[in-house]
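Subject: Structure handover

Hello,

Here is the structure I promised to pass on. Please open it first, then read my notes below.

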Amino acid sequence: MSTTLTAAPAVTLPSADSRSVLTELRADCIRERAAALAESATSVPDAVAVSRAGRLLATIGEIDAALLRIDEGSYGRCGHCGAQMSAERLEARPFAAACVACEERTR
Ligand SMILES: [Zn+2]
């Protein structure tokens, strides 16, 4: 594992990059969901595959919402407290709608 000593600056990723990251992620989710759905369509429905397909659909919805936020210019901002999310946060979860603190509070 490579480590860097530079502190993560609280800057937004350029939205063009964010958009391509999200678009790729969305395509991955759709592919994975298709695979999960194919798995769950066997004679005995596979509960794990069914729930995975459901989770992937929810993620696709979150990605769509993030893409919309890029269009609206609010991408990278927490939907709860309005704080700018760290680049680290957006790298770990590019479609995050809330900062870590808010997400933990609402969990
Ligand atoms: Zn927040």
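Read along the sequence, the protein chain follows the pattern α-α-α-α. That makes four helices and zero strands. Helices (H or I, at least four residues) and strands (E, at least two) are DSSP runs, numbered from the N terminus.

Two points before you start. This is a predicted model: local features need pLDDT of at least 70, side-chain atom pairs count only at pLDDT 80 or more, and totals for chains, interfaces and linings use all residues. Residues are numbered from 1 along each chain as its sequence is written.

**Burial and the core**

A residue is buried if 20 or more other C-beta atoms lie within 10 Å of its own, exposed if 12 or fewer, and partly exposed in between; C-beta atoms are placed from the backbone. Of the 107 residues of the protein chain, 14% count as buried.

A nonpolar core is a set of buried Ala, Val, Leu, Ile, Met, Phe, Trp, Tyr and Cys residues joined through C-beta atoms within 7 Å. The largest one here has nine residues: Leu22, Cys29, Ala36, Ala53, Leu56, Ile63, Ala66, Tyr75 and Phe95. Helices α1 (15-40) and α2 (47-72) each supply at least two residues of this core. The largest share, four residues, comes from α2.

**Helix α2**

Ala53, Leu56, Ile63 and Ala66 are buried in α2. The expected span of a helix is 1.5 Å times one less than its number of residues. The 26 residues of α2 should therefore span 38 Å, and its end C-alpha atoms are 38 Å apart, which agrees. Gly73 follows α2, and its phi is positive, near 80 degrees.

**Contacts**

Two residues are in contact if their C-beta atoms, placed from the backbone, lie within 7 Å. Take Ala53. Leaving aside its neighbours within four places in sequence, Ala53 is in contact with Arg33, Ala36, Leu37 and Ser40. Across the protein chain, look at contacts with a separation of 6 or more: residues 24 or more positions apart account for 54% of them.

Start with Arg69, in helix α2. Arg69 is partly exposed because 19 other C-beta atoms lie within 10 Å. Leaving aside its neighbours within four places in sequence, Arg69 is in contact with Ser74 and Tyr75. Arg69 and Ala97 are 28 residues apart in sequence, with 9.2 Å between their C-alpha atoms.

Next is Arg93, in the loop between α3 (87-92) and α4. Arg93 has 16 C-beta neighbours inside 10 Å, so it counts as partly exposed. Its C-alpha atom is separated by 9.9 Å from that of Ile63, 30 residues apart along the chain.

Glu103 is partly exposed, with 16 other C-beta atoms within 10 Å. Glu103 and Cys78 are 25 residues apart in sequence and 9.5 Å apart in space, C-alpha to C-alpha.

Best wishes
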